[in-house]
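Today I am opening my notebook to look up a handful of places in one model. Here is the structure, and my entries follow below.

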Amino acid sequence: MTLPSFTASTAIDSLLFRDAFGTPAMRAIFADSALVSRYIEVEVALARAQGRCGVIPAEAAHEIAQRCSLEALDFELLRKETDIVGYPILPLVHQLVKQCGDAGRYIHWGATTQDIMDTATVLQVRDALDLVDADIAALRTILADLAERHRDTPMAGRTHLQHALPITFGYKAAIWLAMFDRHAQRLQELRPRVLVGQFAGAAGTLASLSGRGLEVQQLLMEELGLGVPATTWHVARDGLAEAVNFLALVTGSLGKIAYDVMLLSSTEFGEVFEPFVTGRGASSTMPQKRNAISSELMLAASKAVRQHAGLMLDAMVQDLERATGPWHAEWVALPESFVLSAGALHQARFMLGGLIVDPERMARNLDMTDGLIVAEAVMMGLAPHTGRQQAHDIVYAACRSVNAEGGTLADALARLPEVTAHFDRAALQRLTDPRSYLGEAPQMVDRALALSRAHTASGR
C-alpha cells in the first residue's frame with residue numbers, strides 16, 4: 001500500500017484539515033509559487049517603468065519582460081539561498097539575472113528587498129480581498145433571504161441566556177445582515193488605503209535614482225494597477241494591519257453567528273439546525289449526535305484571526321527607517337488570516353444557505369414560561385393606571401407567584417384586585433400573548449432589507 005505524502009504541519013496546509021480551515025482559491029493566492037510569481041511580476045513591472053522613462057534602456061526592459069520565467073527557476077536553490085540570506089529576493093534576482101543575459105544587469109535597479117516583497121504582498125492582498133468581497137456579497141444575499149422569510153416568525157429573545165422578550169427570527173437574521181452590510185462598506189473604503197505599492201529604495205528616499213525616483217514610482221504603480229504611496233511605508237504598516245483587522249471584524253461577526261446557531265441548535269432549544277449531510281457532525285460513540293461542525297469551525301477561525309490581528313498591530317511598532325524583526329511577523333499573520341477567513345466564510349455560506357429553521361419549536365419555547373416573557377408588556381399596560389414603579393412591583397409579585405406555584409401569568413394577574421380593576425380576563429390574555437409584543441422587530445427587518453438593497457445597488 002502506498003501512503004500519501006504527509007508533509008504539512010499546520011491546519012491550513014494539512015491534507016486532513018485544510019479545506020475545513022481554508023479554501024483552495026485562497027490558498028492558491030498565497031502559495032509559494034504564486035508569491036514568487038508576484039515577485040517576478042514586480043521586478044518586470046519595475047523594468048518596464050524604468051524603460052518607459054529612460055532610466056534603463058528600453059531594449060533591456062523588453063528583454064527582462066520576455067525572459068524572466070517562473071518555470072525556469074531552480075526552486076531548491078532558491079530555498080537554500082533564502083535560508084542563508086534570510087530573504088528570498090536576492091537569491092531570486094541572482095537567477096533572474098542569469099535568465100536575462102546582458103539585460104540582467106538592469107534587474108532590480110534602484111530597488112530594495114522590501115520594495116519587491118511589500119508590493120508583491122499588496123498584489124496578493126488585492127486578489128484575496130476580491131475573494132472575500134465575493135463571499136460577503138453571497139452571504140448578504142443568504143442573510144437577506146433568511147430575514148425576509150422569517151420576518152414574522154416569533155421566537156424568544158434571550159438575554160443572559162434567559163428569556164427576555166419576544167423577537168422574530170427574521171429580526172435576528174437582519175442583525176446578522178446589517179453587520180455584513182457594514183463589512184462590505186468597510187471593504188470598499190479600505191481598498192484605496194491598503195492597495196498601495198512600495199518603491200522607495202534602501203532608506204526610503206529613492207536617492208539612487210538621481211531625481212527620477214518619484215517618476216519611476218508613479219509609472220511602476222501604473223504598470224501594476226496600484227495606488228501611489230504618499231510617503232514610504234517601509235515602517236508605516238497601518239495599511240496591512242488594517243486589512244487583517246478588517247478580517248478580524250468579519251470573522252468576529254461570523255463567530256457571533258456561529259455561537260448563536262450552536263446555542264439554538266442545542267437539544268434544549270432545538271430551534272435551528274445546520275444543513276443535514278449524511279455523516280457530517282457524527283460522533284464516533286454516540287450515533288444520535290449531529291454536531292454543529294460549520295459553526296465550530298467558524299468560531300475557531302474567528303479566534304485565530306483575532307490573534308493574528310493583534311500580531312499585526314504589534315508589528316506596527318517598528319524601529320527607525322527599517323525594522324529589525326516586526327516585519328517578519330507579518331509573513332505569518334497575513335496569509336494565515338486570509339486563508340482562515342476564507343474558510344470561515346465558506347463554512348458560513350454552506351451553513352446559513354441550508355439552515356433548517358423550526359418555527360414550531362420556536363413557538364413552543366416562546367410559550368414555555370406561561371406568559372412571563374411578556375411581563376414588561378403587562379407592566380407598561382398597567383403603568384398609566386398605577387404609575388410605572390407600582391406597576392413593576394405588582395407584576396413582579398405576580399411573576400414570583402407563577403414561579404412558586406405554577407399556572408400562567410394571566411391567572412396570577414387575574415387574582416390581583418389592583419389589576420382586575422383595570423383589565424378583564426380577555427385583556428389580560430391579550431397582554432400576556434407573546435405574539436402581540438414583538439415591538440418594531442418586523443419593521444426593523446424591513447428597514448434592514450431596504451438599506452441592504454440600497455447598499456448593493458450603489459455598489460457597496
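I began with Asp370, which counts as partly exposed at 39% relative accessibility. For this I used the cut-offs of buried under 20% relative accessible area, exposed over 50% and partly exposed in between, with a 1.4 Å probe and protein chains only. Asp370 is found in the loop between helix H13 (359-367) and helix H14 (375-386). Its phi is positive, about 55 degrees, although Asp370 is not a glycine.

A note on my source: this is a predicted model, where local features need pLDDT of at least 70, side-chain atom pairs count only at pLDDT 80 or more, and totals for chains, interfaces and linings use all residues. Residues are numbered from 1 along each chain as its sequence is written, and side-chain values use heavy atoms, with hydrogens and water left out. Helices (H or I, at least four residues) and strands (E, at least two) are DSSP runs, numbered from the N terminus.

**Another positive phi**

I looked up Leu161 and found a phi near 65 degrees, a positive value in a residue other than glycine. Leu161 sits in the loop between strand S1 (154-159) and strand S2 (162-168). Is Leu161 buried or exposed? Leu161 is exposed, with a relative accessible area of 66%.

**A record to check**

The UniProt annotation "domain: Adenylosuccinate lyase C-terminal", from an unreviewed entry, covers residues 370-449. I reminded myself that such annotations may be inferred rather than shown by experiment; their positions are given in the numbering used here, and feature names are shortened. Over residues 370-449 I read 70% helix and 0% strand, with the end C-alpha atoms 33 Å apart.

**Helix H11**

Helix H11 (residues 293-315) has 23 residues. From first C-alpha to last it reaches 33 Å, close to the 33 Å expected at 1.5 Å a residue; the expected span is 1.5 Å times one less than the number of residues. I listed some of its buried residues, including Leu297, Met298, Ala301, Val305 and Met312. What do the buried residues of H11 pack against? They pack against helix H1 (18-21), helix H10 (238-264) and helix H12 (326-353), where contact means heavy atoms within 4.5 Å.

**Gln217**

My last stop was Gln217, in helix H9 (residues 213-224). Gln217 is buried, with a relative accessible area of 7%. Not counting residues up to four places away in sequence, Gln217 touches Phe199, Leu206, Val228 and Pro229.
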